[in-house]
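The following note sets out several points on the backbone and on the charged side chains. Please read it beside the sequence and the coordinates.

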Amino acid sequence: YGLQLDTKPTADVIVNLTIALPRSDTPALVTVSPLTFVFRPSEWTSSQVLLATVTVGDDQVDSAKDVEDFTLTHFVSTNDAVYLAKATNLTVVVRVRDDDEAGVVLSDPNGNPDAVLALTEGDDAGATFTVASLKSEPLHDVTLKITSSLPSLVTVNPTSFVVTKSNWKSIRRTVAVKALEGQYNGKTSVKITIAPESTDPK
């Protein structure tokens, strides 16, 4: 965006700005360059515009709020009495939309995230899949709990493990699934569920 004076000042007009966060613990980041603008009488023209560049940081956190507003407030310092009196309530709102989504990324041994595990009843080898990573960076450690919809016959190991917030990108944890000997009563498919638990709201 740009800043412009509609009339020639009688003295230097200095504009400083501050950035107000939408909340104290927002993971989003907004920067503005420059933070100070100087309009000089000797340089002023009716078409003079001083440009500010707003940059939004590309974090990898699924924010608790999908849309947040940052307020940029401009403060004027000058010996020009007219501009000193008029230059009030100069704010710009920067609206940031989060593009991250919390979740778990899985892959089978061949790298296919949508693979169906083929199990044979009583086969001790069973099958495996890999918890590759989390989809976004957590604010706190995450416990992944793994359950079978038929736990008496189809087992998983491990049944839970902790993903530290520093290791979210490279978990690479293998989960073994086995079908035990028993009475399945015609059931040919079992659902394996991975449920995350964390003090991170997402």
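1. The side chains of Glu-197 and Lys-145 form a salt bridge with an N to O distance of 3.4 Å, the term denoting a side-chain nitrogen of Lys or Arg within 4 Å of a carboxyl oxygen of Asp or Glu. Because Glu-197 belongs to strand S15 and Lys-145 to strand S11 (residues 142-148), the pair ties together parts that are 52 residues apart in sequence. Strands here are DSSP runs of E with at least two residues, and helices are runs of H or I with at least four, numbered from the N terminus.

2. On the basis of the model: it is predicted, so local features need pLDDT of at least 70 and side-chain atom pairs count only at pLDDT 80 or more, while totals for chains, interfaces and linings use all residues. Residues are numbered from 1 along each chain as its sequence is written, and side-chain values use heavy atoms, with hydrogens and water left out.

3. Buried means under 20% relative accessible area, exposed over 50%, and partly exposed in between (1.4 Å probe, protein chains only).

4. The count of salt bridges comes to 5. Among them, Glu-68 and Arg-23 meet at 2.5 Å, N to O. Glu-68 lies in strand S7 (residues 67-78) and Arg-23 in the loop between strand S2 (13-20) and S3, so this pair ties together parts that are 45 residues apart in sequence. Both Glu-68 and Arg-23 are buried.

5. Arg-23 also forms a salt bridge with Asp-25, at 3.0 Å, N to O. Asp-25 is exposed, with a relative accessible area of 52%, whereas the value for Arg-23 is 17%.

6. Two peptide bonds deserve a check. The bond from Ser-33 to Pro-34 is cis, with omega near -5 degrees; Pro-34 sits in the loop between strand S3 (30-33) and strand S4 (36-39). The bond from Asn-157 to Pro-158 is cis as well, with omega near 5 degrees, and Pro-158 is placed in the loop between strand S12 (154-157) and strand S13 (160-163).
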